[in-house]
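Please look through the sequence and the model that follow, and then read on for a guided account of their main features.

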Amino acid sequence: MANVSLHKIGKLYGKTRVLSDINLTIDEGDFVVLVGPSGCGKSTLLRMMAGLEPITEGELQMEGERVNHWTPSERKIAMVFQSYALYPHMSVYKNMAFGLKANKLGKDAIATRIQHAARILKIDALLERLPKELSGGQRQRVAIGRAIVREPRLFLFDEPLSNLDAALRVQTRLEISKLHQQLRATIVYVTHDQVEAMTLGNKIVVLNDGAIAQTGSPLELYQQPATEFVATFIGSPTMNLLPGQIKAIDADGCTIVLSCGGEVTVNVLTEQAAVGDRVKVGIRSEHLAEDDSHDQRLYGKVSLVEHLGEVNFIYLTLADGQELVLRGDGNRAVAIGEELVVSARAADCYLFDQHGQAFLRRYPGNMLIEPKLAALSASQA
Amino acid sequence: MIRLRNLARPALVHAVLLSYTVLALFPIFLVIINSFKSKRAIFNDPLALPTPATFSLVGYEKVLQESEVLTFFANSLIVTLVSLLLILTFGAMAAWGLSEYKFRGNRWLYFIMGFGIMVPIRLGTVSILSTMVSLNLTNTLTALILVYTAQGLPLAVFILAEFMNQIPKDLKEAARCDSVSEYKIFAQIIVPLIRPAIATVAVFSMIPIWNDLWFPLILAPGSSTQTITLGVQQFIGQYTTNWNAVLASLSLAVLPVVGLYFVFSRQLIRGITSGAVK
Amino acid sequence: MNKFPWHLVVFLAPAFIIYGVFSALPLADTLRLSIFTEDSFGVRSFLGWGNYEFVFQDALMSQAFWNALWVNCKFFFINMIIQNPIALLLAALLATGRIRGVAFYRTAIFLPTLLSVVIVGFVWKLMLSPVWGVGETLMAMVGLEDYFGPWLGMPESSLITVSLISVWQYIGLPMILIYAALIGIPDELLDAAYVDGSKPLRTFFAIQLPLIYPTLGLVTILTFVGNFNAFDLMYSVYSGAGGGPEQSVDVLGTFFYRTFFGFASQIGSTTMGATVASLMFLVICVGVGLYFYFVQRRLLRHQF
């Protein structure tokens, strides 16, 4: 069905460059999420795929054909807009029928498709209502329904959950996920929320400043982020970054002297490393233990504690004034000003060079990557 | 397959708009260029631009000699500006009174004002004239000012009230918490916030006043109180065959308006499109 | 116990006093005058419905009245089918968004609206005059010189000519109002229609037009009130309130003027003028009332 590919797609508004060198392959059934901070170009990219913006550079292919100049209808795509874009003067039924009528579908066929979609989305009782009589969540579902009835080869979602309140957002997220499985649809989804990206997508494209920072599965992005940007973008609270210098290199990784005084060993592949290099050590809050149970230790004073019930977010100030955040047991009391020792395993740490590029971790997810890399290069030879 | 998103190709759109624009501007253009030509040139080749040979200011000379053009201009200016001032001031005050304060009869007063938008003031001319006569105000600019103010108030009140309704309550409540007087709130907080609406109302009200023929004709036809509109009308009636003079007088009447318009056109359009008209 | 809200009085008084004295009361007074009669000394005495009976029963008067009413209706009709569709077209073209120079076109097309009607009337009289020949020359340029004629002077063509002049002058207003409404429609709706596969023309009629119905309604009612108040253009073109060749351009406004001030051999009468004004008032009220009852209630205003 699907099989969409983007080759060197770029976008210029006059002289201003908004996107550059975007390459992506979308297979049938994929749930691709375009994620990144505001202004990174993700919505523009989506609109270019839809046909709402002209493609300045590169080629968009669908099932092998070059579709750069095709209209959205010809590309067989359907889009769900951020503010739903429901026609205010038409009933839900007519909203969903509009596109079908434009494509000259018969009345009965239209009715069948609408009833079917309405049942899946549980809006069959609302078909005669006007959009203004619906709640935000209901409008959202009508917008999705309007896309479903088109039976497109590709669904495009433009930040559809942004206008919903927190509780509704979680619920709708689940529904979209279920829909994806139910319809076996191919979806491209834009969001700025990394939680949405991680939970919904099987392929995530992290965009920054008009270029792709990394493409991969959620786990890949979490365990082997290619750059400092991706590492800090994925995961909440944000990964802790501690600056330092490489002191020693051995077979298993590097030892770093941190600017806060401590020493940390990180298990990474060391081809690119040299003693004396300025680097940053990354440690996620979930990998820090509240005591000295692991071998890499850090010392600091508690500056703030956020109590969430089953977990505490503890903010530590290190010797050089840097702040570290870690997760602590919600049942354990921690006092502000308390001197704390925290620790992490060398295998759980990340390392980034002075340009923000990541060193490959040797044990992402506790499995050695060297065998995999060897097998990969063998297959490519 | 290349499809175009718009109603028609841009070239076609330009063609239609341009043709209508030519239609809109051509008559005015014709009058102005011919006002600068000699009489024979006007007749021989009306469509030609004035050349050094045909250029002539004889029409303008005649106009300035025979008619009190400057007086007329002054009259129009006084009437329009004073009326505008009264409309905006009293209109804003009334709009504020009606939109902000809930009191019995509020709806009725709104209705009475609204009536004035639908029903043309001219229908009451008979009584207005007799009122002016009894107040000894015939052939005065004051009469015109009073009538035009009454004419312009309903629309002004409605548009301004609409704008005022959109001002967030917090601003007013904060001021009241500070024990600011109602008059101060109106003058120092509300008025600055409704500036776009004031501009809109100013433009909407100004045009019918400046161009009106009916009331100057009926209430102030005396030669010292004629407005430019009436003045030109009479002048044309008197000197019908003196084409130069006639065209010159028309141009004189047109040019200031056109000039001012081009200066203020941005504000005007912004005012109308800012949703003041509901 | 609150103290008396003096500020309320201060805010409301000036506007309502001026409006009351010079607009509302005169209107009410006109209605009152219509049931009086005035003798040659200016003494008024109560008459009852006598004036109205005269308007409807006197041969000359009633014919003039019904003619004026009919002409006015025709005028309105011509405006509705010419002015407003063209305004709609121009506004739609301006609103497509892909055109450079939108500001220029808007400004230029709106310019005639600003002109004094004296100028408009005279300029067009000039251009259409067989004496000056501009009109004829222009038509010759497109090969239509045989069709040129003294249209303003001929009863068959005078009304439509004057109507077209009126359209020329005032089209800027509905155009601007419709344009403002069109650009108020969120772009996302149009994007959605495009993605739905709707061609531009279909999008216009199925999406944009229905969403601006309230504005079209406003334009209609403004055209109605404006047309039934028309006077200035006719007075300017025909140099008086005579009503054009064989009263073919006699609208209620000119009829009212003649009745009040007199014309040629007809003596003016204040009370009769008041009667005609009252009838005009009735016509306008009926029109506006019908509009509100049938149309306005059904219009949904869409909040974006």
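**A walk through the model**

Chain A has 10 helices and 19 strands, where helices (H or I, at least four residues) and strands (E, at least two) are DSSP runs numbered from the N terminus. This is a predicted model, in which local features need pLDDT of at least 70, side-chain atom pairs count only at pLDDT 80 or more, and totals for chains, interfaces and linings use all residues. Residues are numbered from 1 along each chain as its sequence is written, while chains are lettered from A and ligands numbered from 1 in the order in which they are written.

The C-alpha trace of chain A spans about 75 × 55 × 40 Å along its principal axes. Of the 381 residues of chain A, 40% count as buried, that is, with 20 or more other C-beta atoms, placed from the backbone, within 10 Å of their own.

UniProt, in an unreviewed entry, places the feature "domain: ABC transporter" at residues 4-234 of chain A; such annotations may be inferred rather than shown by experiment. Over residues 4-234, chain A is 39% helix and 26% strand, and the end C-alpha atoms are 26 Å apart.

Turning to the other chains, 68 residues of chain B are in contact with 68 residues of chain C, contact being counted if the C-beta atoms of two residues, placed from the backbone, lie within 7 Å. On the side of chain B that touches chain C, helix 1 of chain B gives the most, with 12 residues.

Note on methods:
Buried ≥ 20, exposed ≤ 12 C-beta atoms within 10 Å, placed from the backbone.
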